[in-house]
Amino acid sequence: MSGTTRRTFLKGAVAAPAAFAQVSPNDKVNVAVVGFHSRGMEHIHAYAAMKDVRIVALCDVDERLFGPAVAEVEKRAGYRPDTEWDFRKLLERKDLHAVSIATPDYWHCLQTIWACQAGKDVYVEKPISFGVTEGRKMVQASRKYNRIVQAGTNLRSEPPIRAAMRFLNEGKLGNVYRASVDFSKPRASIGRQKEASVPQGVHWDLYVGPTPMRPFTLNHFHYGWHYFWDTAPSEVGNIGVHSLDVCRWGMGKKTHPVKIHCTGGYFLWDSEQQTPNLELGTIEYADGSLIDWEVNNLPAPAQNRGTTFYTPEGYMQNRGGWTPVKEKITPRNRPHPAGVDETVMNASFPDPPVYTTLPTPDPKAEDQENHFENFIKAVRSRKREDQHCEILEGHLSTSLAQLSTISYRVGRKIVFDPDTETIKGDPEASKLLTPKYRAPYVVPDKV
């Protein structure tokens, strides 16, 4: 496949779905796990545990990883999968039903489009894309080729969270006007690394893929790509997507926000890192409701403030479980001895609030399947509504992080048009909606 051009590959891939047989209820679903240096091992563990799934292949551009990963599948599932380092060649397999992608963010869009064109269903890790325009194209590919594409925001499959979000979405605590979240976690300095020879077994050109070519260094390789603008959207686009997805879910938002502002900086460490290690952001929707968030990778108190939803009746917080609390604020009743009307004064200094803790929403009534099991369920049913996080949901949540990153990079608030998915009156910011691609790894204008 190394001699096959991208255009030749895509031309053949588009015709594939018509001849591709759907999975019948009694068939095993054949899956390939793509990228397994880190998070992808969790994909392997999940599919290996399913009786109705077979991991037919493992794919990674670092062939050094094959041995331990194959052994893991053999130990857990009792069979030996094939290995492949070129994702494009993997998609030629007629027996492959789905791919489960845990590659670097900048590969997610192109690999998902290619897979859809080749008639494969897709599980793609968060963030689902590297640019706002990429997310929309992934949605288009899913629709055009009638593929199941699950976004890897796996908190959507946690029963306690599902129960809490259902409680909020049903209005049992009133309308949510604000969600606030802290997803801080400590990270040490990556330091500085010299250029080095590409390790044997590593296919560096394919690893770099759509991003600008660079010499090999450890800081740009496994996980290190998270710290550079050419390959990563900063920490809010990394771990933050999970939390922002829950915020949007609890607020019942099915559209993009209209104003986004992010500030912060890179502090303390002397390293090559380009992305910030402290960020503070606000996201505003057309109705005025807000998400405010914080991420801090530096020394800080061990317990961050988690996630809180605010309503006119009280709040729900996830400290030690999702607990809804009603709070009543009553003006004090203190007349002035001279008979002066004290209405405003008494409202400004009310009696101590009265708190009523409600029962934690019961998760027993929620789906008990994990995110990977839910994906396989939808692969079988062919119903997007069976998915806990269909690709459009993933796009809406990932965009929150991407727009926050754009605001940070240009140093100002941006105004976004939810209908056209464009930034208003800011050409510099608008350029950051779409990544720059290195041929031949170019996301097509039309999917």
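Is the crossing of H10 and H13 right-handed or left-handed? I began with this point, noting that the model is a predicted one.

**Entry 1: two helices.** I looked up the crossing of H10 and H13 and recorded it as right-handed. Helix H10 covers residues 240-251, and its axis lies 9 Å from that of H13, at an angle of about 115°. I then listed the residues in contact. On the H10 side they are Val-241, Leu-244, Asp-245 and Arg-248, and they meet Glu-393, Leu-396, Ser-397, Thr-398, Leu-400 and Ala-401 of H13. Sorted by class, this contact holds five nonpolar, two polar and three charged residues.

**Entry 2: aromatic pairs.** I counted 16 aromatic pairs. I found both Phe-36 and Phe-66 to be buried.

I next examined Trp-229 and Tyr-408, a tilted pair with 6.2 Å from centre to centre and 35° between the planes. Trp-229 lies in the loop between helix H8 (204-208) and helix H9 (235-238), and Tyr-408 lies in helix H13 (residues 391-410), so this pair ties together parts 179 residues apart in sequence. Trp-229 is buried, because its relative accessible area is 15% and the cut-off for buried is under 20%.

**Entry 3: further ring contacts.** I recorded a cluster of Tyr-47, Tyr-123, Phe-372 and Phe-375, linked by ring pairs. Lastly, I found Arg-54 over the face of Tyr-79, at 3.9 Å from the ring centre.

Terms used. Residues numbered from 1 in each chain as written. Predicted model: local features only at pLDDT ≥ 70, side-chain atom pairs only at ≥ 80, totals over all residues. Heavy atoms only, no water. Phe/Tyr/Trp six-rings, centres within 6.5 Å; stacked < 30°, edge-to-face > 60°. Buried < 20%, exposed > 50% of the residue type's maximum accessible area, 1.4 Å probe, protein only. Helix = DSSP H or I, 4+ residues; strand = E, 2+ residues; numbered from the N terminus. Lys NZ or Arg CZ within 6 Å of the ring centre and 35° of its normal. Axes fitted to C-alpha atoms, helices over the stretch in contact; angles between N-to-C directions. Left-handed = near helix turned anticlockwise from the far one by under 90°. Contact = heavy atoms within 4.5 Å. Nonpolar A, V, L, I, M, F, W, Y, C, P; charged D, E, K, R; others polar.
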